[in-house]
Amino acid sequence: MAGFSTRAVHGGATADRGDGPVAEPIVQSATFSAASEEEFAQIALERRGGRFYTRYGNPNHEKVAAVIADLEAAETAMVFASGMATATTTALALLSSGDHVVAQRSTYAGTASLVLNVLPRLGITCTQVDQTDPRAFADAFRPQTRLVLLETPSNPLLEVTDLRAVSALARSAGALTLADNTFASPVNSRPLELGVDLVWHSSTKYLGGHSDLSAGALAGSAELLDRIWDTALVTGAVLGPFDAWLLLRGIRTLPLRVRQHNANGAALATALEAHPAVRAVHYPGLPSHPQHAVAATQMSGYGGVVSLELAGGYAAERFISGLRLARRAASLALVVHPVAMWAGTLEPGQISSAGVSPGLVRLAAGIEDTQDLVEDALRSLDALHEGTP
């Protein structure tokens, strides 16, 4: 088998090496014709196909999904209009009234809102646990537990879940595991190889890589994705053909970009940890991280996202304002104040119970020169520590 970077570049490429296009064409069509009644009936029933109606699938969907499946070591994959469309559609497909979900305490705000605010209205209960302790998952299982939601490293605390241990516990309890691999990316971690059943992404982030598209992806077995595809037809959270093309373009350079993200994240975490204005740094690549040993067994790199705790509560805003390279915006390769950003999604008590403090800042390193990023962060911290505006 070819190496990871080679597969990212050439995966899904058209077999024709003659005079065809080098870049994949954009098939900007909502519907497709058939030559006969028999062919029309066949393509109408084809699961995850790409030649019937774009809500069912599109050639651009097929192409990028095949590459994502390959990189995630999955049998197959699907794409959606966003990461939350992926998670919500999957939950609706796999859960029914009376079912129970186990979810992490530290997780993306959208995922937390799904399990705390949306699913309970459908008669689906949820127990949140400390994901750093596999025993907490085991203690939370009930006979009605059908799904375990995982995210590692978690957003925004960068806590690590032992995927091997938790997926084995879930399997013994008859529950499926669904892991958010957005922060790690398949370059750094492949949860399916560790026993997880399904893996999803906010492809808007690292997979897309250019902050110019909204997309989601799901990878796993054909059996599970066929079940989810049926519900996806109803939710209609379809990815546009052009966005699917943009996503494939982004994946072509994913290994190169993540390599720089890893280097920048590690350098930032090390520099921030030594600064007197910083109370704590959350980054699984640091030896001081409580789950560093676990992370080292299931990750080949630790990503570009670093969270830091500043003394003085909302001094976080002063630190962010002092940065010259990172822009205050959602998504990655940018900087956010989670308490402020999540206020419209979760109640204050829900944010606090997730361990997100007012002094927490999430800084996502891009692919800039490492020294420039480090100097920018330290310059702002110096001003904060010295009490200058």
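Modeller: Ala175 is found in the loop between helix H7 (163–172) and strand E5 (176–180). The model is a predicted one. With a relative accessible area of 6%, Ala175 falls under the 20% limit and is therefore buried. Leaving aside residues up to four places away in sequence, Ala175 touches Thr145, Arg146, Leu147, Val148, Ala170 and Asp197. Among these partners, Thr145, Arg146, Leu147 and Val148 belong to strand E4, which covers residues 145–151, while Ala170 belongs to H7. By contrast, Met299 lies 124 residues away from Ala175 in sequence and 24 Å away in space, taken from C-alpha to C-alpha.

The loop that leads from E4 to H7 contains Pro153 and also Pro156. The bond between Thr152 and Pro153 is a cis peptide bond, with omega at about -10°. A cis peptide bond likewise runs from Asn155 to Pro156, where omega is near 10°. Most peptide bonds are trans, and most residues other than glycine have a negative phi.

Backbone phi calls for comment at two further positions. Ser185, in helix H8 (residues 185–188), has a positive phi near 70° without being a glycine. Its relative accessibility is 1%, under the 20% limit, so Ser185 counts as buried. Arg48, which is not a glycine either, has a positive phi of about 55°. Arg48 lies in the loop between helix H2 (37–45) and helix H3. Because its relative accessible area of 22% is between the 20% and 50% limits, Arg48 is classed as partly exposed.

The loop that holds Arg48 ends at H3, and H3 (residues 59–71) packs against helix H10 (residues 241–252) at an angle of about 30°, the axes being 8 Å apart. The crossing of H3 past H10 is left-handed. From H3, the residues in contact are Asn60, His61, Lys63, Val64, Val67, Ile68 and Leu71; from H10, they are Pro241, Ala244, Trp245, Leu247, Leu248, Ile251 and Arg252. By type, this contact comprises 10 nonpolar, 2 polar and 2 charged residues.

In H16, Leu373, Val374, Asp376, Ala377, Ser380, Leu381 and Leu384 are buried. These residues lie on the same side of H16 because they cover an arc of only 160° around the axis. Gln371 and Glu386, on the other side of H16, are exposed.

Methods: Residues are numbered from 1 along each chain as its sequence is written. This is a predicted model: local features need pLDDT of at least 70, side-chain atom pairs count only at pLDDT 80 or more; totals for chains, interfaces and linings use all residues. Side-chain values use heavy atoms; hydrogens and water are left out. Axes are lines fitted to C-alpha atoms, for helices over the stretch in contact, and angles run from 0 to 180 degrees between N-to-C directions. Helices (H or I, at least four residues) and strands (E, at least two) are DSSP runs, numbered from the N terminus. A crossing is left-handed if the near helix is turned anticlockwise from the far one by less than a right angle, and right-handed if clockwise. Contact means heavy atoms within 4.5 Å. Ala, Val, Leu, Ile, Met, Phe, Trp, Tyr, Cys and Pro count as nonpolar, Asp, Glu, Lys and Arg as charged, and the others, Gly among them, as polar. Buried means under 20% relative accessible area, exposed over 50%, partly exposed in between (1.4 Å probe, protein chains only). The arc is that of the directions from the helix axis to the C-beta atoms.
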